[in-house]
Amino acid sequence: MPTVRDLKAKTGEEPITMLTAYDAPTAGIVDDADVDVILVGDSVGNTSLGYETTLPVTVDDVARHVGAVSRATEDALVVADMPFLSFGVDETDSLENAGRMLKEEGAEAVKLESGPHTVELTEKMVQLGIPVMAHLGLTPQHVNQYGGYPRQGTDQDAAERILELARAHEEAGAFSLVLEHVPSNVAAEVTDAIDVPTIGIGAGPDCDGQVLVVDDAVGLSEWSPSFSKQFGSVREEMENAVEEYVSAVESGRFPAEEHSHEETDLEEFY
Ligand code: KIV
Ligand code: NA
């Protein structure tokens, strides 16, 4: 069972693999492939709940999906992504929302989209026994501030702010740091500067690990970001299967003899 400590041991030795998952069958597949970390991302809002952004995702939404994923996961470290405004507003609420993921749903850590406002909170969570994965660079919960999803850390000041916050979160006790959509050299500098593993998405090859949204990785998403890669074509497979089903029913090819129950003896039918 990879733990937060196993991840530390792997850091700099072997690349760390992380994928999202939101349901039991997908988590089982990801876990069987020996992925180190399964993130139940608030990206569930986009992938599975039909929202345009992650902002409407609730604590109940994430909790439900964390439960499904942890029930199907034997080996990977399960991390619950804390949704928009579920942390950072009120400390007690933040701790209860995060604690619920461990206490009730089987997560082993939480991820917080990080900033100056999460340094103390991270420290408090870690003191209480809630391992925290930090997340810097592009933080999609700030979509309304960005006006989209632009690359972050693209000038000296912005890059230095990311580096400073990475150090502050390591100091606060975060066990790992996601770096999203930042220049490769910024990710490389941050990776050099801190001891806890960096896990990149759109952050180049020099992080200690990589993460993708599983729907993007397997080719299920209708759209995926350019920094993502499709390693399969699940969407096409599903489209073909569904079309085949429709045509089989419409043409009477399904159900055939072998899909039907044996007839039973009926004496009289009223
Ligand atoms: O919600 C998510 O899937 C994420 C990853 C892309 C890091 O935050
Ligand atoms: Na997220």
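1. A polar contact is taken here as a pair of N or O atoms within 3.5 Å; within protein, one must be able to donate a hydrogen and the other to accept it, and residues adjacent in sequence count only if both atoms are side-chain atoms. On that basis, an oxygen atom of ligand 1 lies 3.1 Å from an N or O atom in the side chain of Asp81.

2. The model is predicted: local features need pLDDT of at least 70, side-chain atom pairs count only at pLDDT 80 or more, and totals for chains, interfaces and linings use all residues. Residues are numbered from 1 along each chain as its sequence is written, chains are lettered from A and ligands numbered from 1 in the order in which they are written, and side-chain values use heavy atoms, with hydrogens and water left out.

3. The side chains of two further residues approach ligand 1. An oxygen atom of the ligand is 2.6 Å from an N or O atom in the side chain of Ser43, and one is 3.0 Å from such an atom in the side chain of Asp42.

4. Asp42 (OD) and Asp81 (OD) coordinate the sodium ion, ligand 2, at 2.2 to 2.3 Å. Asp42 is in the loop between strand 2 (37-40) and helix 3 (44-47) and Asp81 in strand 3 (residues 77-81), so the pair ties together parts that are 39 residues apart in sequence. Donors are N, O and S atoms within 2.8 Å of the metal (3.2 Å for Na, K and Ca); water is not among the atoms, so the site may look incomplete. Helices (H or I, at least four residues) and strands (E, at least two) are DSSP runs, numbered from the N terminus.

5. Both Asp42 and Asp81 are buried, that is, under 20% relative accessible area (1.4 Å probe, protein chains only). For Asp42 the value is 5%.

6. UniProt, in an unreviewed entry, places the feature "binding site" at Asp42, Asp81 and Glu113; such annotations may be inferred rather than shown by experiment, and the positions follow the numbering used here, with feature names shortened. Although these residues are spread over 72 residues of sequence, they cluster in space, with a largest C-alpha distance of 10.4 Å.

7. Glu113 belongs to strand 4 (residues 109-113) and is buried, with a relative accessible area of 2%. The side chain of Glu113 reaches the backbone nitrogen of Gln141 at 2.9 Å. Beyond four places in sequence, the contacts of Glu113 (heavy atoms within 4.5 Å) include Asp42, His135 and Gln141. Asp42 in turn touches residues including Asp81, Glu113 and Gln141.

Methods
Buried means under 20% relative accessible area, exposed over 50%, partly exposed in between (1.4 Å probe, protein chains only).
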